[in-house]
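Here is a friendly walk through one model, strand by strand and helix by helix. Have the viewer open as you read.

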Amino acid sequence: ASDFPSLPEYSAESVMEFRAPLLKEMIRKTIFAISPDTSRQALNGLLLERDGSRATMVGTDGHRLAMVHRPASKPGAPGGETLSMIIPKKALNELLKLAEDDESTLSFSIKNNHLAFIQGKQVIVSRKIEGKFPNYKQVIPKDHSLKITLTKDVFLHAMKRVALLADEKSKMVRLEVRKGTLTLISDNT
């Protein structure tokens, strides 16, 4: 037993709290965009930011971007302090398992370069990913005049049909918008 590695030190002071269903939703809506390329370490996890009482989770692989905003239970410090951390994919998968109990609350804490995720007596400690996450705000247009309202089921059905013929590697479907119409285009050589 003495040869077993000691648990990394972690802080019990919570910097952010989430209800389990909310955290699961945030992870599931962004985890698919994590880059599989291990050479770009900052893209191998999800960015979790807290600005005031709003939490943002972002994933990107350099080609696609997934982002979700939700309220955070523990608001930021009065000085408008923002909090930012990159959570590794392995820790996110464990968090999904930990968040199975829909009635629980998960707390996040930070100490040095370790993150702790606490639910009751269960604790997951992970090293946070060092590095700079790309400036995702820069690629999202601030002012745009294009707004489309459509039926989700109709769009999803059309997207599945068009995606069948999309290129195997890029899986790209182009959206062409004209007044009153939306055309979905995919091509495969």
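## Two faces of β1

Let's begin with β1, whose covered face carries M16 and F18, while E17 and R19 sit on the uncovered one. In a regular strand the side chains alternate between the two faces of the sheet. Strands and helices here are DSSP runs numbered from the N terminus, with at least two residues (E) for a strand and at least four (H or I) for a helix.

A word on the source: this is a predicted model, in which local features need pLDDT of at least 70 and side-chain atom pairs count only at pLDDT 80 or more, while totals for chains, interfaces and linings use all residues. Residues are numbered from 1 along each chain as its sequence is written, and side-chain values use heavy atoms, with hydrogens and water left out.

## The four-stranded sheet

β1 belongs to an open sheet of 4 strands in the order β1-β6-β7-β8, with antiparallel pairing. Two strands count as paired if DSSP finds at least two bridges between them. The edge strands, each pairing on one side only, are β1 and β8 (122–127). On average, and ignoring direction, neighbouring strands of this sheet are turned by 20° against each other.

Between β1 and β6 there are 4 bridges in the antiparallel sense. R19 has T105 of β6 as its bridge partner.

## Helices on the sheet

α1 lies across β1 and β6 and runs at about 95° to β1. α2 also packs on the sheet, where it touches β6, β7 and β8, and its direction makes about 170° with that of β8. Such angles run from 0 to 180 degrees between N-to-C directions, with axes fitted to C-alpha atoms, for helices over the stretch in contact; contact means heavy atoms within 4.5 Å.

How do the two helices meet? The axes of α1 (residues 20–28) and α2 (residues 89–98) come within 9 Å and cross at roughly 145°. L23, K24, I27 and R28 of α1 make the contact with L92, L95 and L96 of α2. These residues divide into 5 nonpolar, no polar and 2 charged.

## Nonpolar cores

Which residues have the most contacts inside the largest nonpolar core? They are M16, L48, I87, L95 and F108, in a core of 28 residues. A nonpolar core is a set of buried Ala, Val, Leu, Ile, Met, Phe, Trp, Tyr and Cys residues joined through side-chain atoms within 4.5 Å, where buried means under 20% relative accessible area with a 1.4 Å probe, protein chains only. Elements that each supply at least two residues include β1, α1, β2 (45–51) and β5 (82–88). The largest share, 5 residues, comes from α2.

Leaving aside neighbours within four places in sequence, I87 is in contact with G45, L46, L48, L92, F108, L115, F117 and I129. Another core, of 8 residues, lies apart from the largest one and has A42, L47, I86 and F133 among its members.

## A hairpin and a later segment

β3 and β4 (residues 65–71) pair in the antiparallel sense over 7 bridges, with G59 opposite A66 of β4. Their hairpin has 4 residues between the strands, and G62 takes a positive phi near 100° there.

Finally, S186 lies in the segment after β10 (181–185). S186 and R174 are 12 residues apart in sequence and 6.2 Å apart in space, C-alpha to C-alpha.

Definitions and conventions
Nonpolar A, V, L, I, M, F, W, Y, C, P; charged D, E, K, R; others polar. Buried < 20%, exposed > 50% of the residue type's maximum accessible area, 1.4 Å probe, protein only.
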